[in-house]
Amino acid sequence: MYQQMIFVNLPVGDIEASKKFFSQLGYSINPQFSDETTASVVVADSIVVMLLAHEKYQQFTDKEIADARKTSEVMIALSAESRQKVDELVERALSLGATEPRAPQDLGFMYGRAFDDLDGHTFEVVWMDPAAVEG
């Protein structure tokens, strides 16, 4: 059966620094779809983040590339299997140079934190109590 995939394309200022950042977060880089202008970050079997140097990203749009440190166009939400895993991923990202744009959100049945990567792209990491989801 066909499984639809999502490819999130993000412009980055430094491909090598971004590859190192995401690798150190625990994600793999698919060398088949990576070169000096592109890095294919495998988040899950059906989720890939394509990091593109600004020049490469500009080949796909006539629009101005937003400075994600100043404006927000998208927030990428990632699920986590536990509250602890939320904290582990965000703390690891912070230790690698990410910033935390806001305080953690704890609603009891849902817990989330966020980090902005090296280029300012916001990643939300969220755990939801499975009992609340089934609900």
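Strands β3 and β4 form a hairpin with two residues between them. Helices (H or I, at least four residues) and strands (E, at least two) are DSSP runs, numbered from the N terminus. The model is predicted: local features need pLDDT of at least 70, side-chain atom pairs count only at pLDDT 80 or more, and totals for chains, interfaces and linings use all residues. Residues are numbered from 1 along each chain as its sequence is written, and side-chain values use heavy atoms, with hydrogens and water left out.

**The sheet that contains the hairpin**

- Four strands make an open sheet of mixed pairing, in the order β1-β4-β3-β2; two strands pair if DSSP finds at least two bridges between them.
- Its edge strands, each pairing on one side only, are β1 (6–12) and β2 (28–29).
- Helix α1 (residues 15–24) packs on this sheet and touches β1, β2, β3 (38–44) and β4; contact means heavy atoms within 4.5 Å.
- The direction of α1 makes about 155° with that of β4; axes are lines fitted to C-alpha atoms, for helices over the stretch in contact, and angles run from 0 to 180 degrees between N-to-C directions.

**Strand β4 and its partners**

- β3 and β4 run antiparallel and are joined by six bridges; A44 stands opposite I47 in β4.
- β1 and β4 (residues 47–53) pair in the parallel sense over seven bridges.
- I47 in β4 is also the bridge partner of I6, and M50 in β4 is the bridge partner of N9.
- Because six of the seven residues of β4 are buried, this strand is largely enclosed by the rest of the structure; buried means under 20% relative accessible area, exposed over 50%, and partly exposed in between (1.4 Å probe, protein chains only).

**The β5-β8-β7-β6 sheet**

- Four strands form another open sheet, in the order β5-β8-β7-β6, and its pairing is mixed.
- The edge strands here are β5 (75–79) and β6 (105–106), each of which pairs on one side only.
- β6 and β7 (residues 110–116) run antiparallel, joined by two bridges, and D106 stands opposite Y111 in β7.
- Helix α3 (residues 83–95) packs on the sheet, touching β6, β7 and β8, and its direction makes about 10° with that of β7.

**Residue M128**

- M128 lies in strand β8 (residues 122–128).
- M128 counts as partly exposed because its relative accessibility is 40%.
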